[in-house]
Amino acid sequence: MAILDMSTSGERTLPDPLPADPMPLLLAWFTEAHERAVQPNPNAMTLATVDPDGRPSARIVLCKAIEPNAGYLVFHTNYRSRKGRALEANPRAAVVFHWDALDLQARVEGPVVRAPASESDAYFQTRPIERRVGAWASDQSEPIESRAALEQKVAEAVARFGVAEVLSGAAAIPRPPHWGGYRIYAERVELWVAGNGRLHDRACWERRLTPGADRTFVGGMWAATRLQP
Ligand SMILES: Cc1cc2nc3c(=O)[nH]c(=O)nc-3n(C[C@H](O)[C@H](O)[C@H](O)COP(=O)(O)O)c2cc1C
């Protein structure tokens, strides 16, 4: 018996032995966070990128898909935003999920590619109309002199697609070419379960990614390692 209480804070621990592939477990945690509605945005993740001048920057984005077989996560944004410019210069990212109520943290790192245009088109059309208008109206991350000026840009976008059509929800609004999805290919995954006395249960998985056809990557075997907390 351990001298100290080394249990994790809930019932959960990382599987022992560790699974060969961490992606199904990551997806299971993501799904559980949604099903148990543990927080308002269970798909929120902090996305860290490196600016063209080498400085790191981080912000929250929403993870719209985890594809365990293909081995990537998806989020959407403006390709000309600060993060978009960072990713064009340094196409790698790190993301962190924190499901506080579940005592879980998950980290994913790897190369980033733009999602295929057809996929971004399809997703864009599922967005509520005000978000589709907003994607045209906002030059994300650029300065603007006032809130009124932003509202003017929204009004111009609405006029462009037809006021009556936008108000009725029937406007045909295509995806702006500067807006779309990114795929973060998982090259390193770290899963963390909170433990008593800060003796957290922690492991990482790493693999080599080889460029495949059409801006994809093919993953090699994962190497799993338990880490000290
Ligand atoms: C809960 C939450 C979800 C967000 N989701 C997104 C998102 O999916 N895509 C996005 O571009 N920005 C999202 N944002 C806004 C970003 O955090 C950020 O302000 C914006 O993308 C500009 O970042 P940048 O200037 O570093 O490019 C979200 C913010 C919050 C708080």
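The C-alpha centres of domain 1 and domain 2 lie 31 Å apart. Domain 1 comprises 1-125 + 176-229 and domain 2 comprises 128-174, the bounds being taken from an automatic or database domain assignment. Their contact takes 7 residues from domain 1 and 6 residues from domain 2, where two residues are in contact if their C-beta atoms, placed from the backbone, lie within 7 Å. On the side of domain 1 that touches domain 2 there are 3 nonpolar, 2 polar and 2 charged residues; here Ala, Val, Leu, Ile, Met, Phe, Trp, Tyr, Cys and Pro count as nonpolar, Asp, Glu, Lys and Arg as charged, and the others, Gly among them, as polar.

The structure is a predicted model, in which local features need pLDDT of at least 70 and side-chain atom pairs count only at pLDDT 80 or more, whereas totals for chains, interfaces and linings use all residues. Residues are numbered from 1 along each chain as its sequence is written.

The protein contains 6 helices and 12 strands, taken as DSSP runs (helices are H or I of at least four residues, strands E of at least two) and numbered from the N terminus. Its C-alpha trace spans about 70 × 35 × 35 Å along the principal axes. Of the 229 residues, 26% are buried; a residue is buried if 20 or more other C-beta atoms lie within 10 Å of its own, exposed if 12 or fewer, and partly exposed in between, with C-beta atoms placed from the backbone.

Strand E6 (residues 104-114) pairs with E8 in the antiparallel sense over 6 bridges, and Leu191 in E8 is the bridge partner of Ala106. Because 5 of the 6 residues of strand E8 (residues 188-193) are buried, this strand is largely enclosed by the rest of the structure. E8 also pairs with strand E9 (residues 201-206), again antiparallel and over 6 bridges, and Arg188 stands opposite Glu206 in E9. E9 in turn pairs with E12 in the antiparallel sense over 5 bridges, with Trp205 opposite Ala224 in E12. Strand E12 (residues 223-227) is hardly covered, as the count of buried residues among its 5 residues is 0.

Finally, 15 residues surround the ligand, the closest being Thr77, Ser81, Arg82, Lys83 and Ser141; a residue counts as near if its C-beta atom, placed from the backbone, lies within 6 Å. Strand E2 (56-62), strand E4 (72-78) and helix H2 (82-89) are the elements that give two or more residues to this shell. E2 gives the most, with 5 residues. By class, the shell around the ligand has 5 nonpolar, 7 polar and 3 charged residues.

Methods:
Two strands pair if DSSP finds at least two bridges between them.
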